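Please work through each task before reading its solution.

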Amino acid sequence: ESRSITVTVSDYPETTKYGCRVLTDMDGGRMLLYLDENAGLQPGDTLRLSAKVVDVSRGSGEEENLYYSSRDISLLGFQRSKPEMQKAERIPLKYLPTAAAKQVRDTVTRLFAGDTEAFMRALLTGDRSGLSYETRNRMSVVGISHVVAVSGLHVSLIAGVVLLLCFRRRRLAAILGIPAMLFFAAMLGFPASVVRAVVMHALLLLAPLFRRESDAPTSLGLALLLIVAANPWAVADVSLQLSFAA
């Protein structure tokens, strides 16, 4: 249905064929909003506009809506009038990881060119938008698409570097490493594979401090519990299924 909406931009816009789309927060859930133009949006900006709103939450009748539900998106919005924009004076604290992710992408773009730039962005942040269809298809054919999927390997590298810098002092490594891993997960939007790895590595670092042994099945179970507690429909996400099955 068409209605007037007020939303807060929670991510940077992604260019589409007919304009752009951007994740937003509003009363009642998260909306993926489609706009005619970018207009230099950044996290924290407020938009007021008339839009066609589509309910894509689980239970709204369409099986394909499960894709959006698994990503905690309950509404789609399509611009019907020119939006009134109120720019944020500064990026709110909760959106700082998103800004950091953009900083990484911009730095990669500045340092690399062509296919290398697109590959590095995908490798570091999971952003595959720069990879051509031909490249994605070739990687799929030879079975190496997982190389550009952000996963537990990235979290392992962060935890390993922190341990080395702390000279394997567990208490200091836990104090510094857990926030670092959480910040990295927030940068990527808390994908299931990364959350799983963060929880398991956090327990690995904390176990010696509490004179306990790290137990893989317990860590895996806790990770899944935290994910489905935040969004039960996350179990429909293929990346979650593959990550936990592996």
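A crossing of two helices is called right-handed if the near helix is turned clockwise from the far one by less than a right angle, and left-handed if it is turned anticlockwise. The model examined here is predicted.

**Exercise 1.** Determine how helix H7 and helix H8 are oriented to each other, and in which hand H7 passes H8.

*Solution.* 
1. Helix H7 covers residues 192–206 and helix H8 covers residues 216–230; their axes lie 9 Å apart, at an angle of about 135°.
2. Angles over 145 degrees count as roughly antiparallel and those from 65 to 115 as roughly perpendicular. H7 and H8 are therefore oblique to each other.
3. The crossing of H7 with H8 is right-handed.
4. On the H7 side, the contact residues are Ala 192, Val 195, Arg 196, Val 199, Met 200 and Leu 203. H8 contributes Ala 216, Ser 219, Leu 220, Leu 222, Ala 223, Leu 226 and Ile 227.
5. Sorted by class, this contact of H7 with H8 comprises 11 nonpolar, 1 polar and 1 charged residues.

**Exercise 2.** Classify the orientation of helix H6 to H7.

*Solution.* 
1. Helix H6 spans residues 170–187, and its axis comes within 9 Å of that of H7, crossing at roughly 170°.
2. H6 and H7 are therefore roughly antiparallel, since angles over 145 degrees fall in that class.
3. The residues in contact include Ile 178, Met 181 and Phe 184 of H6, and Val 198, His 201 and Leu 205 of H7.
4. The contact of H6 with H7 divides into 13 nonpolar, 1 polar and 1 charged residues.

**Exercise 3.** State whether Ser 10 is buried or exposed.

*Solution.* 
1. Ser 10 sits in the loop between strand S1 (2–9) and strand S2 (14–16).
2. The relative accessible area of Ser 10 is 10%, so this residue is buried, the cut-off being under 20%.
3. Beyond its neighbours within four places in sequence, Ser 10 contacts Leu 23, Thr 24, Asp 25, Pro 43, Tyr 95 and Thr 98.

**Exercise 4.** Explain which parts of the chain the salt bridge of Arg 71 and Asp 237 ties together.

*Solution.* 
1. The closest N and O atoms of Arg 71 and Asp 237 are 3.6 Å apart.
2. Arg 71 belongs to the loop between helix H1 (65–70) and strand S6 (75–79), and Asp 237 to the loop between H8 and helix H9 (238–245), so the pair ties together parts 166 residues apart in sequence.
3. Arg 71 is partly exposed at 34% relative accessibility, whereas Asp 237 is buried at 11%.

Technical notes: Residues numbered from 1 in each chain as written. Predicted model: local features only at pLDDT ≥ 70, side-chain atom pairs only at ≥ 80, totals over all residues. Heavy atoms only, no water. Axes fitted to C-alpha atoms, helices over the stretch in contact; angles between N-to-C directions. Helix = DSSP H or I, 4+ residues; strand = E, 2+ residues; numbered from the N terminus. Parallel < 35°, antiparallel > 145°, perpendicular 65-115°, else oblique. Contact = heavy atoms within 4.5 Å. Nonpolar A, V, L, I, M, F, W, Y, C, P; charged D, E, K, R; others polar. Buried < 20%, exposed > 50% of the residue type's maximum accessible area, 1.4 Å probe, protein only. Salt bridge = Lys/Arg side-chain N within 4 Å of Asp/Glu carboxyl O.
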